[in-house]
Amino acid sequence: MLFLLILLILIERQQRSFILYTFSNVFSIKERDSIFSPVTQNSFSQIVLFLYKVCCFSLAIYYIIFNSEIFSIIDFIKIIFIVLSFFAIKYILIRYISFVFMNNTTFTIIYYHYNQLVNFFSIILYPILLICLFTPQICRIVFTDIFILFVVFYFILWLIKAFRLFFTNLLAFLYILLYFCTLEILPLYTLFSLAEFIVNQKL
């Protein structure tokens, strides 16, 4: 948790007003960051932000799968690799579907808003993970329910954004449904199923 906090501080220092900017853009439907955006991005800050998101969501999945109060670094590393693969495969799939059915501009818009939502939920997930660290017994009871609410809220926000950005006719509606089925619901289900399988089989 200390490592995650350090990463979050580094992100805030590298990208001024990052947290405030992320929260203020949750419901935004702009196509991309303005050149006058207060958040300045560079390669280092993007790497640190990606590392923070991977570790944060990996820890959340770890809490969901395991009921033991004893933390296993080996199992946690396995989950990190699964989450890394999840983000990489999802990026490739978004790029591919945008190339086949849409265009590069659409890919940029989709990936920008996807990242904004993931950033938002990774930030608000941190204090909940911190509470779980100090109250593991309560965490085992309610954390899964909280995470499910997060996922539902994420889908609702993303669906609202998608319709506001892309809905023009019936064909656009079908594209939006295709995106959510192939790039949101199915990958998330596969992520949890694979993580649980690998951990349970002690691979």
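Author: Aspartate 75 and lysine 78 are separated by about one helical turn, because they stand 3 residues apart in helix α4 (residues 73-101); helices here are DSSP runs of H or I with at least four residues, numbered from the N terminus. An α-helix has 3.6 residues a turn, so residues three or four places apart point the same way. The side chains of aspartate 75 and lysine 78 join in a salt bridge at 3.8 Å, N to O, the term requiring a side-chain nitrogen of Lys or Arg within 4 Å of a carboxyl oxygen of Asp or Glu. Both aspartate 75 and lysine 78 are buried, where buried means under 20% relative accessible area, exposed over 50% and partly exposed in between (1.4 Å probe, protein chains only).

The model is predicted: local features need pLDDT of at least 70 and side-chain atom pairs pLDDT 80 or more, whereas totals for chains, interfaces and linings use all residues. Residues are numbered from 1 along each chain as its sequence is written, and side-chain values use heavy atoms, without hydrogens and water.

By the stated rule there are 2 salt bridges. Glutamate 184 pairs in this way with lysine 90, their closest N and O atoms lying 2.9 Å apart. This pair links distant parts of the chain, as glutamate 184 belongs to helix α7 (residues 170-201) and lysine 90 to helix α4, 94 residues apart. Glutamate 184 has 2% relative accessibility and therefore counts as buried; lysine 90, at 4%, counts as buried too.

Definitions and conventions. Helices (H or I, at least four residues) and strands (E, at least two) are DSSP runs, numbered from the N terminus.
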